[in-house]
Amino acid sequence: MKITQLKELILLNLENSTNEFKRVFHGRGNFYEDFAYLCVDKIDKVLLVSLFQSVDEIIESDLKKMFNEIFEEMSFSSLIFQKRYLKEDSYEVLSGSLPNNAYAIENTLKYNINFSNQNIGLFPDMKRGREYIKSISKDKNILNLFSYTCAFSVVSISAGAKQVINVDMSKSALSIGRENHRINNLDTKNVKFLPYNILKSWSRIKKYAPYDIIIIDPPSFQKGSFAASKDYEKIIRRLKELASEDCIVLSCLNAPELDTTFIKNIFDENASEFKFIKRLDNLDTFPSNNEEKSLKNMIFQRKIN
């Protein structure tokens, strides 16, 4: 794919777009091999361009020129260029200005976006997962593990969940989670924000059990705290003592090196009474040349014989 074709594809994907968060180019699934390092998001009036690896200076210059052309052709207020491979000072405003209070909108709900963080505050590929949880949340007691900024909690409470317990090591992420409820005018009297290391806090998490829905959405690897390859099963072993009789589990994994069989085997070996129901389809805006390497949202349900 040439850069002119890339521009044409992005403009096509921007047609008829609304103020909703939308990925308008996804290279990370290796569907477009020439631009596997590139992702582009439309966040209301902001166009966010993310590079996941360093590229040749000429290529970077050509990309910036092309995206400035798109900025001029469309009604964006900001064009932001992010080098995701840098831990600090990764953002550059190419056109417009960096918004002070930015929000992503998804299915009418709003989420805080922070362009000073490597992860901006919402993972758009998880939209189908959030929609599924919202559809089953009414009157349910929900455990949201690795809650990050509590997007699952927002959709659950908006759908009438009885209670949501959010657990994440990051106090700052949980603070944003509280704010995400506030900006959507959601009452948090039945929402908990627990800044715990999940693998060391089962007794405190069990306090609010049994849970009707359990969401497991960990990072594939977080130095010093979690590695999916060895730690995911530690969570699955605990399900029996946390779950209600017909509990539904959303088991998420976004590690290219670990496939659906990895998750199914962990359940079979450590929580066999939780039966695999289905895998949620990924969004069309996140194409992949290998679905087993893409996001895996898998539904299990407890079925006691």
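Q: Which strands does helix α9 lie across?
A: Helix α9 (residues 260-270) lies across β14, β15 and β16. Contact here means heavy atoms within 4.5 Å. Helices (H or I, at least four residues) and strands (E, at least two) are DSSP runs, numbered from the N terminus.

Q: And what angle does α9 make to β16?
A: About 20 degrees. Angles run from 0 to 180 degrees between N-to-C directions, with axes fitted to C-alpha atoms, for helices over the stretch in contact.

Q: Before I go on, what sort of model is this?
A: It is a predicted model: local features need pLDDT of at least 70, side-chain atom pairs count only at pLDDT 80 or more, and totals for chains, interfaces and linings use all residues. Residues are numbered from 1 along each chain as its sequence is written, and side-chain values use heavy atoms, with hydrogens and water left out.

Q: What is the strand order in the open sheet?
A: β10-β9-β8-β11-β14-β16-β15, seven strands with mixed pairing. Strands pair if DSSP finds at least two bridges between them. The edge strands, β10 (191-194) and β15 (274-279), each pair on one side only. Twist averages 15 degrees from one strand to the next.

Q: How many bridges between β14 and β16?
A: Six, antiparallel, joining β14 (residues 243-253) and β16 (residues 296-302). Isoleucine 248 has glutamine 301 in β16 as its bridge partner.

Q: What about α5, which strands does that helix lie across?
A: Helix α5 (residues 171-183) lies across β9 (163-167) and β10, at about 160 degrees to β10.

Q: Switching to β2. Buried or exposed?
A: Six of the six residues of β2 (residues 38-43) are buried, so this strand is largely enclosed by the rest of the structure. Buried means under 20% relative accessible area (1.4 Å probe, protein chains only). Leu38, Val40 and Lys42 sit on one side, with Cys39, Asp41 and Ile43 on the other.

Q: Which strands pair with β2?
A: β1 (residues 22-26) pairs antiparallel with β2 over four bridges. Lysine 22 stands opposite lysine 42. β3 (residues 46-51) pairs antiparallel with β2 over six bridges. Aspartate 41 stands opposite leucine 48 there.

Q: Which residue takes a positive phi in the β2 and β3 hairpin?
A: Aspartate 44, near 60 degrees. The hairpin has two residues between the strands.

Q: Last one. How do α1 and α2 pack?
A: Helix α1 (residues 3-14) and helix α2 (residues 57-73) pack at about 30 degrees, with axes 11 Å apart. They are therefore roughly parallel (angles under 35 degrees count as such).

Definitions and conventions:
Parallel < 35°, antiparallel > 145°, perpendicular 65-115°, else oblique. Buried < 20%, exposed > 50% of the residue type's maximum accessible area, 1.4 Å probe, protein only.
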